Amino acid sequence: MLWCDRGIDATSRTLLPPPDSSGVREGDLVNWYLKEVADDIDNVEELTEKKLLVEKVIERLVQHDHILLPLVMGEESDEDPFLVVHPNYVVET
């Protein structure tokens with residue numbers, strides 16, 4: 001999930017991803033994580049806890065660590081932003 005080149009639409013000043021970028025909607029990322037840990041979830045309370053945890057982790061990565069960048073395209077609300085990895089973040093392997 002890397003995003004290297006970003007552009008700005010001069011008319012609306014909205015940050016736009018390049019056409020070949022890779023990223024994911026925040027809701028899709030939460031759903032992917034919940035599917036990955038589905039075998040460890042036994043009841044609705046655990047599902048709710050896991051969902052809140054992953055949402056807090058994403059919020060931390062966006063607001064505090066600035067590793068993920070939320071992009072709002074056009075007139076969409078930022079309720080389910082498109083998330084991309086900051087272009088200056090180096091993924092350690």
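Before the sheet, a note on terms: I count two strands as paired if DSSP finds at least two bridges between them. Helices (H or I, at least four residues) and strands (E, at least two) are DSSP runs, numbered from the N terminus.

**Entry 1: ground rules.** This is a predicted model, where local features need pLDDT of at least 70, side-chain atom pairs count only at pLDDT 80 or more, and totals for chains, interfaces and linings use all residues. Residues are numbered from 1 along each chain as its sequence is written, and side-chain values use heavy atoms, with hydrogens and water left out.

**Entry 2: confidence.** I checked pLDDT, the predictor's confidence in each residue, from 0 to 100. The chain has a mean of 80, and 73% of its residues reach 70 or more. H2 comes out highest at 97, while strand E1 (residues 7-9) is lowest with a mean of 41. Over residues 1-20 the value stays under 50, and the model has 40 contacts beyond four places in sequence for them; a contact means heavy atoms within 4.5 Å. I remind myself that where pLDDT is low, the predicted coordinates should not be read in detail.

**Entry 3: layout.** I find two helices and five strands, running β-β-β-α-α-β-β from the N terminus. Among contacts between residues at least 6 apart in sequence, 43% join residues at least 24 apart.

**Entry 4: the sheet.** Which strands form the open sheet, and in what order? I read E3-E5-E4, with antiparallel pairing. Strand E3 (24-25) and strand E4 (68-71) each have a single partner strand, so each is an edge with one side left without a neighbour in the sheet. E3 and E5 (residues 82-85) are joined by two bridges: Val24 stands opposite Leu83, and Arg25 has Phe82 as its bridge partner. E4 and E5 pair over four bridges, and Leu69 stands opposite Val84 there.

**Entry 5: faces of E5.** I looked at burial next (buried means under 20% relative accessible area, exposed over 50%, partly exposed in between; 1.4 Å probe, protein chains only). E5 is covered on both faces, with Phe82 and Val84 buried on one side and Leu83 and Val85 on the other. Across the chain, 24% of the 93 residues are buried.

**Entry 6: helix H1.** Which residues of H1 are buried? They are Leu29, Val30 and Leu34. They lie on the same side of H1 because they cover an arc of only 135° around the axis, taken from the directions from the helix axis to the C-beta atoms. Lys35 and Glu36 are exposed on the other side. The cover over the buried residues includes E3, H2 and E5.

**Entry 7: the core.** A nonpolar core is a set of buried Ala, Val, Leu, Ile, Met, Phe, Trp, Tyr and Cys residues joined through side-chain atoms within 4.5 Å. The largest one here has nine residues: Leu29, Val30, Leu34, Val54, Ile58, Val62, Leu68, Leu83 and Val85.

Entry 8: His66 has a positive phi of about 55° although it is not a glycine. I found His66 in the loop between H2 and E4, partly exposed with a relative accessible area of 48%.
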